[in-house]
Structure formats: C-alpha cells, structure tokens
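Please consult the sequence and the structure alongside the text.

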Amino acid sequence: PLRSGGPWLLSVLARLLLWGSPGAWASYLRRSSICTPIPHHMALCYDIGYSEMRIPNLLEHETMPEVIQQSSSWLPLLARECHPDARIFLCSLFAPICLDRLIYPCRSLCEAVKRSCAPVMACYGYPWPEILNCNKFPADHELCIAAVSTDENSSSRRMPRASCKDCELEEASTAREILENLCTNDFAVKIRILRKNTTTTISDFDLDPGRVEVLKHGPLLRTEIPARLQQWLDIDATCVHNIMRGTHTGVFVVSGEVQSDKVVVNKAYAWQKKNRNLHQAVRRWKHHRCPEQAG
C-alpha cells in the first residue's frame, strides 16, 4: 500500500506553485482541447465514473505522460483518506470530464477537501498551493462539480481527518517491552474493530462494544472509553487504516494518550495466537507495578 511522506509533498508543491490561474487557461482549452480515453495506468482517475477526459487538462498538462506522472504524485494523499471527495476534486482538474464546456469543481467542494487534506501537507510544513485556491473556483449556484459527501458541519458523523502520525502495528518483541509501553501511556485497551464498508475512498470502522477490555483507563472514566475510541475510529483514518491492513475485522491491544477532547493511539498490537509475548504481557498486567507506582 502507498504510504505518505515528506518527499512527495515537496514534489507536488513545487509543481503546483508554478502553474497559472485556471481562468486564463480556460479560453485556450475551449479552442484546443480534445477528448481522449482515461488510460488504465492513470491510477488517480481511472474508473472514476466517466471514461473520457479533456487534454490539455485544467492544470495545463498537454500530454498524457505528463498527466499520468503529475497525477501519480497525489496518490499518497488519497492513501491518507483525508476526505472522501478528494479524488473527485483532483480528477475534475487532472482529468476534466469531456462535455461541450469546461466544468470546474465548485468552490464548496474545494473548501471541503482543503479543510481535511491541507492539514496533512501542514504536517510537513507545506501550505495548500495557490493554484488550488478555492476562491478561483465557481460558486455553487454556477455550473460546477459539487461535493458528493455530506458536509461535516451538517453530518452527525465527523469527517475523517488526516493524522500527522503514521502509526503502524507493532511487533510484540518482548513482554517486558509491552509492559513498559502500557506504563508510559495514559490508557490501554483490548478492542475488536469492524470495517463497515469496503470502499476505496473512505473506510468506515466500528468498535465492537461487547469486546472492550480496559487494561488501563488513566485520566479517562471507564464508562467513557468506548465513546472516545469510537471517536478515534471516526476521525483518525490514517492510523486505523494502517492498523487494519486491509482486513475486515481484528482484535488489537492499543495504547495512547489523552489530548484535550480526543484520544491519540500511539501503539497497537494484533491479538493473535502467535503473539505470545503480547498474551503474556496482558496476563501479567493485573499484577504489574509500573516504576512510578513501585516508587
């Protein structure tokens, strides 16, 4: 699976900051663009819902090899699952639909994607590029490509947010190391996670309320832990995606810290028979005294 990192962001930003305003490009495109099939190896936009695109596109790419090369730079951002409409927004620019006139993304679509996806760029110190300045795109009452997903302000479920932390499943090396980890974190729980859908844009996860075993609650009340963990599943798509590794269900021991109104998972171990060190650590935890407790 694709992973995010600093180098791709630098590459993307360097290219985007050199592109001009889409408004100046529109009149030229209307005269010179042609319709062409979206190639199979354009991973960003192939099978997006339409089969033909205009080239040159709305980002001034004049050849298909250039389009494919530039668009592939955005795949790591999609892997972060920062917004369910990120692919639609990007493809409206990289692979504009082949109609009688040019159709730009709506300003509201740009703003929704920016709210969720700009933070992942900020993690590495890069701003949202000027070429994607949402004020350049048409207002919703004009002909444009609108958001598909419900806006986070009107939805009962919070929109997933990109995380700056790339958490992964840990190898349960020794029971002692796991116990030390449980001691240093605010909370530790054994939970079962269920994937509610199999879409490639946003994964939706649920906590099995009947399979929550609190090992350490720290500053949290035991009764509030399930709700806090469900919030984590809802908003930290990056971390959960990495932990699940494409599976539909799994049991994990997770530990982390409490930050203001949310919990942040720092470590996760898969609860499997082969992880004997993990099983041993959990059995020993009830009688284990952390260093600060022992002192």
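The model is predicted. A search of the whole structure finds 2 aromatic pairs. Ring pairs link F89, W128 and F137 into a cluster.

**Stacked pair**
- F89 and W128 form a stacked aromatic pair, with 6.5 Å from centre to centre and 20° between the planes.
- F89 belongs to helix α5 (residues 86-94), whereas W128 is in the loop between α6 (107-122) and α7 (175-184), so this pair ties together parts that are 39 residues apart in sequence.
- F89 has a relative accessible area of 0% and is therefore buried.
- W128 counts as buried because its relative accessibility is 13%, and the cut-off for buried is under 20%.

**Edge-to-face pair**
- F89 also pairs with F137 in an edge-to-face arrangement, at 6.0 Å centre to centre and with 90° between the planes.
- F137 lies in the loop between α6 and α7 and F89 in helix α5, so the pair ties together parts that are 48 residues apart in sequence.
- With a relative accessibility of 2%, F137 counts as buried.

**Surroundings of V189**
- V189 is part of strand β3, which covers residues 187-195.
- The relative accessibility of V189 is 0%, so this residue counts as buried.
- Leaving aside residues up to four places away in sequence, V189 touches E213, V214, L215, I225, L229, F252, V253 and V254.
- V189 and E213 are 24 residues apart in sequence, while their C-alpha atoms are 5.6 Å apart in space.

Note on methods:
Residues numbered from 1 in each chain as written. Predicted model: local features only at pLDDT ≥ 70, side-chain atom pairs only at ≥ 80, totals over all residues. Heavy atoms only, no water. Helix = DSSP H or I, 4+ residues; strand = E, 2+ residues; numbered from the N terminus. Buried < 20%, exposed > 50% of the residue type's maximum accessible area, 1.4 Å probe, protein only. Contact = heavy atoms within 4.5 Å. Phe/Tyr/Trp six-rings, centres within 6.5 Å; stacked < 30°, edge-to-face > 60°.
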